Amino acid sequence: MKILILITSSALDKLLALGTIVLGAVSMGHDVAIYATQSASFAFLKDYADKISNYSGDPALSGLINNVVSGYNNAVINGRFFKWYEMIRQAKEIGSVRFMSVPSPLSWLVLRLAWVISWAS
């Protein structure tokens with residue numbers, strides 16, 4: 001089975017979920033295609049991935065979220081958890097993982113529709 005994932009944000013929580021889902025899906029024998037919008041694709045740039053850290057949204061949540069990020073970083077340092085991009089790297093070693101950057105979710109939809117139309121005819 002092929003799994004298509006569209007990621008639209010480079011927030012740490014979204015990237016952790018992406019890494020977990022991709023590694024799990026490939027472990028079960030699925031092919032995975034990751035489509036990242038322009039804003040999410042920055043996370044995949046070299047040396048940018050480790051700079052994703054602090055939450056800058058709602059001030060009422062910033063303390064809580066920064067504590068979660070700190071706990072995550074401690075778990076990674078102590079070897080109890082992998083970084084999100086390490087999970088994707090492991091998934092690529094196990095099976096088929098493709099990555100494509102798209103300018104916007106709408107352009108992704110157009111690409112998928114064009115593929116479906118060409119496949120159907």
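Read along the sequence, the chain runs β-α-β-α-α-α-β-α, where helices (H or I, at least four residues) and strands (E, at least two) are DSSP runs numbered from the N terminus. The model is predicted: local features need pLDDT of at least 70, side-chain atom pairs count only at pLDDT 80 or more, and totals for chains, interfaces and linings use all residues. Residues are numbered from 1 along each chain as its sequence is written, and side-chain values use heavy atoms, without hydrogens and water.

Colleague: What is the order of the strands in the open sheet?

Modeller: The chain has five helices and three strands. Strands pair if DSSP finds at least two bridges between them. β2 and β3 pair in the parallel sense over six bridges, with Ile34 opposite Phe99 in β3. The open sheet has parallel pairing and the order β1-β2-β3.

Colleague: Which strands have one side left without a neighbour in the sheet, and why?

Modeller: The sheet is open and has three strands. A single partner strand leaves one side of an edge strand without a neighbour, so the strands in question are β1 and β3 (97–102).

Colleague: What angle does the direction of α1 make with that of β1?

Modeller: Axes are lines fitted to C-alpha atoms, for helices over the stretch in contact, and angles run from 0 to 180 degrees between N-to-C directions. Within the sheet, the twist averages 20 degrees from one strand to the next. α1 packs on that sheet and touches β1, β2 and β3 (contact: heavy atoms within 4.5 Å). Its direction and that of β1 make about 175 degrees.

Colleague: How far apart are the axes of α1 and α4?

Modeller: The contact includes Leu18 and Val22 of α1 and Trp84 and Ile88 of α4. The two helices pack at an angle of about 20 degrees; angles under 35 degrees count as roughly parallel, over 145 as roughly antiparallel, 65 to 115 as roughly perpendicular and the rest as oblique. α1 and α4 are therefore roughly parallel to each other. Their axes lie apart by 8 Å.

Colleague: Is His30 buried or exposed?

Modeller: His30 sits in the loop between α1 and β2. Beyond its neighbours within four places in sequence, His30 is in contact with Met1, Ile3, Ala25 and Ser96. With a relative accessible area of 18%, His30 is buried.

Terms used: Buried means under 20% relative accessible area, exposed over 50%, partly exposed in between (1.4 Å probe, protein chains only).
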